[in-house]
Amino acid sequence: MSDFETITVPEHLHGYPGVAFGGYVAGVLASRAAAADVRVDFRRPVPTGAPVRLAATADGGCELTDGELLLAVATPVGSPGADIPEAPSWDRAVAAAEAFRADPPDGQPDCFGCGLDRTPATGLRLHCGAVPGRELVASAWTPAPGLGGADGLLPPELVWGALDCPGNAAGRLLDGRGAGAVTAALGARLLRPVPVGEGLISYAWMRSSSGRKYTVGTAVATADGELCAVAEALWVQPRT
């Protein structure tokens with residue numbers, strides 16, 4: 001990219017009200033970085049509906065700023081951690097999503113990624129429920145054609161988005177976390193194009209947990225279980 005550009009995240013692409021959807025923002029930074037693999041660290045909430053500055057950094061990454069405030073930085077790293085569990089079957093991912101919708105945890109936000117009131121045209125609908133017999137959460141979902149580009153593919157920044165919200169569900173359902181956790185860092189690798197209008201499975205598992213912080217692995221696979229993208233994320237709960 002050029003030395004800098006100004007971007008504005010549309011309001012509907014929020015995670016919490018007024019705060020840009022973290023996975024989407026991370027994907028935008030990753031697409032502008034010169035390095036093939038980056039980890040995006042969030043330093044402050046990124047606002048929706050307000051222009052912010054995206055600039056290249058000397059190490060092949062990029063950073064997002066609001067005036068003098070650093071909002072997020074993409075730093076070159078190695079690929080996400082190994083030991084990726086096999087995706088659950090489509091039927092089990094469907095059942096997990098249905099179980100989540102039937103009994104969602106308290107405090108579920110109107111998030112572009114996992115909001116319960118989003119339609120296929122207005123969100124990803126990543127309703128990740130626990131998978132019985134496995135230490136996983138998962139959701140079966142189908143990206144609407146309107147979310148794709150002219151090539152019929154889900155844009156990379158939305159693939160990053162599909163790797164974000166499952167981490168929140170893993171914390172809540174596998175580690176007993178409360179509402180309000182935020183993505184502090186997200187690093188991903190996209191393995192193959194992701195078409196819209198076809199079934200996908202997003203799933204996540206715990207990697208570590210300590211104090212207010214926990215780390216997760218996440219992945220997106222086709223309905224047949226072929227990996228499309230993998231990620232590792234750090235989540236942080238708010239201070240009480």
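This is a predicted model: local features need pLDDT of at least 70, side-chain atom pairs count only at pLDDT 80 or more; totals for chains, interfaces and linings use all residues.
A residue is termed buried when its relative accessible area is under 20% and exposed when that area is over 50%.

The cysteines were then examined for covalent pairing. A disulfide links the sulfur atoms of two cysteines through a covalent bond. The search of the whole structure returned zero disulfides. For cysteine 128, the closest cysteine sulfur belongs to cysteine 165 and lies 8.1 Å away; this separation is too far for a bond, since the two sulfur atoms of a disulfide must lie within 2.5 Å. Cysteine 228 is also in no disulfide, and the cysteine sulfur nearest to that of cysteine 228, located in cysteine 128, is at a distance of 15 Å.

Helix H1 spans residues 22–32, and nine of its eleven residues are buried, so the helix is largely enclosed by the rest of the structure. The buried set comprises Gly22, Gly23, Tyr24, Val25, Ala26, Gly27, Val28, Leu29 and Ala30.

Helix H2 covers residues 90–102 and includes alanine 102. Alanine 102 is classed as exposed because its relative accessible area is 66%, which exceeds the cut-off of 50%. Between the C-alpha atoms of alanine 102 and alanine 170 the separation is 17 Å, the two residues being 68 residues apart along the chain.

Conventions
Residues are numbered from 1 along each chain as its sequence is written. Side-chain values use heavy atoms; hydrogens and water are left out. Buried means under 20% relative accessible area, exposed over 50%, partly exposed in between (1.4 Å probe, protein chains only). Helices (H or I, at least four residues) and strands (E, at least two) are DSSP runs, numbered from the N terminus.
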